[in-house]
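Dear colleague,

I am passing on the structure we talked about, and my notes on what was found in it follow below. Please keep it open beside this message as you read.

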Amino acid sequence: MAREKIFVTREHIIPEAIAYLAEHHDVEVWKERSAPPRDLLIKKASECAGMLTEITDVIDKELLDQTSTLRVVANRAVGMDNIDILEATSHGVMVANTPGVLHESCADFTFGLMLSLARNITYGDRQIRAGAWKVFDQIPYLGTDVYEATLGIIGMGLIGTAVARRAKAFNMKIVYYSRTRKPELEESLGLEWRPEMDSIFREADYVSLHMPLTADTEYVVGPRELGLMKPTSFLINTTRGRTVDPKALYEAVSGGGIAGAALDVTDPEPIGIDDPLLTLPNVLISPHIASASSATVRKMGQMAAANILAALEGQTMPSCVNPEAANQR
Ligand code: GLV
């Protein structure tokens, strides 16, 4: 196989995958911890056959119009909202993501958020560090039980399913809304499907978002949806910040419309230190790390590298989302 040029947009995240790619191709890496500047990304796209990207690297028409060399973009993520897939397809650029290797880690994390929020674990830790634990008094920390509560899952893909499996062990009632109904999961996990997303907001004690960010799901959780939730209910978001209207969320939590929110993703990202959401004790925020166990990040890197190698060899890629792009070249 001829050696081709590959650009990897971060050095420190997946060194093993980079070393593996470098055995076969000429690999250039961006060495900073932050994303490469836009003009550099465009320049590299115009020189390289493959790029291994992170979710903050925007692959759009402007970039694609300026390259005739690029054949594959492998995103080290399951989400692909940073990539214009239709444009990539019409430019003959194959796009890959990393499904099937991160859902269990994300589901663990979702449960971690849910338990921490409902049982005031992070809140208690924040209070102790602020010097506020003076006497034995549990009353300021009274939480809400997770076991036997109703969990509402929006988006029943691999991550939603892995969350549902965990919820079953907590004896939760699980209701879900998803573009595609999953009768076999209803049967095996005892899930109840709802034809309307609204029913999930109305019924659930915990609403957990697991749908991808698309034009249809952008700000899909707004004042109306939050208004359907019970004042005792919690919202958990581990998908993308832009699925939830942040102003509406602030209003809902601060006004007692819902009991709290746990967010691994925010809008914008990173969230500003002066963001009003950070003033609310019953909002818990983590820095977009749901998939980030060491083992899972390594697997995501390996899968992204395998996607690039397969594409450049003209072989079936482990997870190409637009195989029809090959016909455009
Ligand atoms: C992370 O956010 C991912 O999409 O994998």
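How far is an oxygen atom of the ligand from an N or O atom in the side chain of arginine 240? The separation is 2.7 Å, which falls under the heading of a polar contact, defined here as a pair of N or O atoms within 3.5 Å, where within protein one must be able to donate a hydrogen and the other to accept it, and residues adjacent in sequence count only if both atoms are side-chain atoms.

Before going further, please note that this is a predicted model, in which local features need pLDDT of at least 70 and side-chain atom pairs count only at pLDDT 80 or more, while totals for chains, interfaces and linings use all residues. Residues are numbered from 1 along each chain as its sequence is written, and side-chain values use heavy atoms, with hydrogens and water left out.

Around the ligand, meaning with a heavy atom within 4 Å of it, are Ala77, Val78, Gly79, Leu102, Arg240, His288 and Met300. By class this shell holds 4 nonpolar, 2 polar and 1 charged residues, where Ala, Val, Leu, Ile, Met, Phe, Trp, Tyr, Cys and Pro count as nonpolar, Asp, Glu, Lys and Arg as charged, and the others, Gly among them, as polar.

**Cysteines**

A search of the whole structure finds 0 disulfides, a disulfide being a pair of cysteine sulfur atoms within 2.5 Å. Cysteine 48 is in none, since the nearest cysteine sulfur, that of cysteine 320, is 19 Å away, which is too far for a bond. Cysteine 48 counts as buried at 2% relative accessibility, where buried means under 20% relative accessible area, exposed over 50%, and partly exposed in between (1.4 Å probe, protein chains only).

**The protein as a whole**

Of the 329 residues in the protein, 49% are buried. The C-alpha atoms fill a box of roughly 65 × 50 × 30 Å, taken along the principal axes.
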